[in-house]
Amino acid sequence: MGNKLSGKDLIKLGFPKNNSINIALGQINRYRKREKKESILTEAKDVLLNPEKYEGNGTWGKVAEGLIKPVQVRMHQLKATRAPFTIFGENEIDQQAKFQLYDSLKLPISVAGALMPDAHSGYGLPIGGVLATDNAIIPYGVGVDIGCRMSLSIFDLPASHFKGREHQLEAILKDNTKFGMYETHASRVDHEVFHKSEFQDIPLLKNLLPKAYKQLGSSGGGNHFVEFGIAKIDNPENEWKLEKGEYFAVLSHSGSRGLGANIAKHYTYLATKQCPLPKNVQHLAWLDLNTHDGQEYWLAMNLAGEYAKACHDDIHRRIAKAIGKRVVVTIENHHNFAWKELVNGQECIVHRKGATPAGEGQLGIIPGSMTSPGFIVKGKGNSESLNSASHGAGRLFSRAKCKSSFTQSQINKELKKHDLTLIGGNIDEAPMAYKDIEKVMANQTDLVEVLGTFTPKIVRMDR
């Protein structure tokens, strides 16, 4: 035990008797506990003498910050008035989701907000909630599945490609997709995302790298899916080199797997410690972007977004290879993410929790349920929605409610009615669990222009 570093050792070095000692011990125990005490003390001495040299450093950056300009931890109160906001499709949204938005709009950092027509209540921000803040990021405003996204690949193949190939296509989905907590691909591939400096510079990410590498190209559980379907293009974009018509396509929905979940957990914990709030809004704790942890979360969140995209790219690459055809158009978009954007001329952090970016000319795909069409859209850049649109149809029934409301035979009947094949899938993902996508789209005609639809035919989900 004599080799274990203690606060007394740091005081002997000359560390001030304040929180910088707790921060240093926390960082050392988390990331450096296997190293020799002497070498850590040598480094710690240098940090004490030259803290500015260590700003942004993975292990010591937070300690340096504690020595130069400590983070002020103080209780924050909500403002009496809300920041400006707009709700789209108000009559279709439950009260709880609205109240969650109203609470978030009273945060001292809030600049503006919006609620999308597919909104329903969640943790922190409601699902379908958009919030612009001033130089602050709310980990729970981004969500647990950071960078969750939709990706649609359209092949230069007619919709008739399905005829007589149903079993073959089912086999392609089973062989080339992995779902749930533990399934991973036997043949691993490298990707440029793994060579990004954040995986080396941020100790938390370094520890998560092996798992991220193993899970590349897998999809997780819940409402994540990979599906074959028919893309009907009504208004082709010039660069697509596609005529109007119906094409064979594949759509995927999943996020950043264990990497994103661990980032969310770690930085949410740090935010709640640094930003005490009244109990009912503690989930909305934020990190100031001028702090070490705020900067680190920003880098980690962006890396998780790139990793989510890499997972989709891998899924679509494997499927295209199995089909033996080239993808001619890819349309994709993140939700559960935050961006630096201008809001009324002010640079803000725009959180989109289950909402799609819909800036002017921005392409996206908004899925319905598995038995209803998704919509291929182009953003109109509406400032009232903070350049956002819905990320899907939105839930009508919670997962728990589905289990008590629907039976497997009801679901099977619904699937048969729509000539849909489902591999996997649970009762909590019943098609009836979702709102009417046509209504949702009718409530956002000011936000997006519809270019076409995507109708699922063979769907693969977690069991």
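A disulfide is a covalent bond between the sulfur atoms of two cysteines; here the term is applied to a pair of cysteine sulfur atoms within 2.5 Å.

The model is predicted, so local features need pLDDT of at least 70 and side-chain atom pairs count only at pLDDT 80 or more, while totals for chains, interfaces and linings use all residues. Residues are numbered from 1 along each chain as its sequence is written, and side-chain values use heavy atoms, with hydrogens and water left out.

Zero disulfides are found in a search of the whole structure. Cys275 is in none, and the nearest cysteine sulfur, that of Cys348, is 17 Å away. Cys275 is buried at a relative accessible area of 2%, and Cys148 is buried at 3% (buried is under 20% relative accessible area, with a 1.4 Å probe and protein chains only).

The largest nonpolar core has 55 residues. Such a core is a set of buried Ala, Val, Leu, Ile, Met, Phe, Trp, Tyr and Cys residues joined through side-chain atoms within 4.5 Å. Elements giving two or more residues to this core include α9 (203-215), α10 (257-274) and β10 (337-343), and its largest share, nine residues, comes from α11. Helices (H or I, at least four residues) and strands (E, at least two) are DSSP runs, numbered from the N terminus.

Met301 is among the residues with the most contacts inside this core. Beyond its neighbours within four places in sequence, Met301 is in contact (heavy atoms within 4.5 Å) with Ile137, Val142, Ile146, Phe337 and Ala338. A second, separate core of 51 residues includes Ile331, Ile366, Ile376 and Leu451.

Methods: Buried means under 20% relative accessible area, exposed over 50%, partly exposed in between (1.4 Å probe, protein chains only).
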